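Let's take a walk through this structure together. Have a look at it first, and then we'll go through some of its details.

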Protein chains: 2
Amino acid sequence: MSTQFGDYLRARRETLQTADPRFSIRQLASRLQVQPSYLSKVERNEQAPPSEATILALAAELGEDPDVLLALGGKVSAELRAVIMRRPKLFAALIRELETLPDHAVLRIVREVRDGNW
Amino acid sequence: MSTQFGDYLRARRETLQTADPRFSIRQLASRLQVQPSYLSKVERNEQAPPSEATILALAAELGEDPDVLLALGGKVSAELRAVIMRRPKLFAALIRELETLPDHAVLRIVREVRDGNW
DNA sequence: TCATGTGTGGACTGTATACTACACGATATA
DNA sequence: TATATCGTGTAGTATACAGTCCACACATGA
């Protein structure tokens, strides 16, 4: 298992906690509407990463990028999946093509599309 | 529910069956290593679409595009998800940017990347 | 010392997923 | 008229997912 999620979450939460007691497991769990013991287990990788909805809430609370946190949890957002599934052939070809392309090249595409050069 | 999957599958299989008895529910199910009653239910949308593995086997048997069939089943392949999860921020930005871009423009990107213009 | 807050342990739960097993009646074939 | 093949109906199942619930021990501050 990607034992990453819990470690990452714990590190991030503990950092925030030093400056703000609202980031104790208990208080954070309460805002996420889950049980503290559950969150504790997730942080210690005793429990698989939460659902997409909970991870998104978590990202919002921790000020993290939702897509990154979802990826750490082994997920891709339903939103992105929906975009792909609308034109599966097209996006499958694209993603496979870009798999090995370096970051800066992909970013250039993103920017050019955004600037309307297409 | 996307009542599409079953209809599509049934139509495709029946077409093939007219020319080749190997495409009866029973014989096809046998090659897929599932029960015929299960496949029958899937075709009549009485049962949710199968797992990714079974859909991929189905696509191979029917000569269909795996990504398209997966999409009809409401899924995105683990392979593509893995590519996204390796660079979630990058691919999330890209996919959202391309969401509304017309097919031909996306295809142009695919071709240009393939031709090494990046 | 007592209330409050902290993290954690153990057991259990509801729902979904992805099927199987077996049987039935209809149809076609020999 | 056996035999085989067809599609389908009913019931049941194993596993994973995404948590809950309650209890415990420790620490801190009033």
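## The surface near the DNA

Helix 3 of chain B gives the largest share of the surface near DNA strand D, namely four residues. A helix here is a DSSP run of H or I with at least four residues, numbered from the N terminus, and "near" means that a residue has a heavy atom within 4 Å of the strand. Before we go on: this is a predicted model, where local features need pLDDT of at least 70, side-chain atom pairs count only at pLDDT 80 or more, and totals for chains, interfaces and linings use all residues. Residues are numbered from 1 along each chain as its sequence is written, chains are lettered from A and ligands numbered from 1 in the order in which they are written, and side-chain values use heavy atoms, with hydrogens and water left out.

What kinds of residue make up this surface? There are five nonpolar, 11 polar and eight charged ones. Ala, Val, Leu, Ile, Met, Phe, Trp, Tyr, Cys and Pro count as nonpolar, Asp, Glu, Lys and Arg as charged, and the others, Gly among them, as polar.

## Zooming in on Ser40(B)

Ser40(B) sits in helix 3 (residues 36-43) of chain B. Why do we call Ser40(B) buried? Because its relative accessible area is 15%, and buried means under 20% (exposed is over 50%, partly exposed in between, with a 1.4 Å probe and protein chains only).

Leaving aside neighbours within four places in sequence, Ser40(B) is in contact (heavy atoms within 4.5 Å) with Arg10(B) and Ile25(B). Its side chain also makes a polar contact with the side chain of Arg44(B), at 2.8 Å. A polar contact is a pair of N or O atoms within 3.5 Å; within protein, one must be able to donate a hydrogen and the other to accept it, and residues adjacent in sequence count only if both atoms are side-chain atoms.

## Over to Thr100(A)

Thr100(A) lies in the loop between helix 7 (88-98) and helix 8 (103-114) of chain A. Thr100(A) is exposed, because its relative accessible area is 70%.

Notes:
Helix = DSSP H or I, 4+ residues; strand = E, 2+ residues; numbered from the N terminus.
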